[in-house]
Amino acid sequence: MSKSSFSFGIALGSALGAAAAYMLAKQSGEELQQDLKGKANDSKNKMIIKLDNMVENAEMKFSEQITDNEVYNPPVEYEAVPETVAAPPEHNALEDDPVTVPDIKL
């Protein structure tokens, strides 16, 4: 059984169950909708709280692991030798187009 067919079965079963509950309920449609909205909001809030707790626990464990395994990375030693240093760029802009200063008379 593939995951997509299993997921489709879960979704279809949920939809059929909700439709059956709606048809066979002893409450009016509006009351049932209000109850379902309330339960959905409660479930959403519980899920948000659980997710926040999981994220907080993960952050704490990560920070503990970082402090336990404090790793020191020494700075990279760089030696300036001709192989590692680029040559200065060649500028010939002034040779091609010399700067001229206009004569200003006061």
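Mentor: pLDDT is the predictor's confidence in each residue, from 0 to 100. This model is predicted.

Trainee: What does the chain average in pLDDT?

Mentor: The average is 79. A score of at least 70 is reached by 81% of the residues.

Trainee: Which elements have the lowest and the highest mean pLDDT?

Mentor: Helix α3 (residues 93–96) has the lowest, at 62. Helix α2 (residues 29–68) has the highest, at 87.

Trainee: What makes the pattern of the chain α-α-α?

Mentor: The secondary structure comes to three helices and zero strands. Read along the sequence, that gives α-α-α.

Trainee: Where is F8?

Mentor: F8 lies in helix α1 (residues 3–24).

Trainee: Why is F8 called exposed?

Mentor: Exposed means over 50% relative accessible area. F8 has 56% relative accessibility, so F8 counts as exposed.

Trainee: What do F8, L12 and L16 form?

Mentor: They form a nonpolar patch on the surface. Together they have about 330 Å² of accessible area.

Trainee: How much of the chain is buried?

Mentor: Buried means under 20% relative accessible area. Of the 106 residues, 1% are buried. The accessible surface of the chain is about 10700 Å², with 61% belonging to carbon and sulfur atoms.

Notes:
Residues are numbered from 1 along each chain as its sequence is written. This is a predicted model: local features need pLDDT of at least 70, side-chain atom pairs count only at pLDDT 80 or more; totals for chains, interfaces and linings use all residues. Side-chain values use heavy atoms; hydrogens and water are left out. Patches are made of residues with over 30% relative accessible area and no salt bridge: like charges are joined within 9 Å, nonpolar side chains (Val, Leu, Ile, Met, Phe, Trp, Tyr) within 5 Å. Accessible areas come from the Shrake-Rupley method with a 1.4 Å probe; for residues, only the protein chains shown count as cover. A salt bridge is a side-chain nitrogen of Lys or Arg within 4 Å of a carboxyl oxygen of Asp or Glu. Helices (H or I, at least four residues) and strands (E, at least two) are DSSP runs, numbered from the N terminus. Buried means under 20% relative accessible area, exposed over 50%, partly exposed in between (1.4 Å probe, protein chains only).
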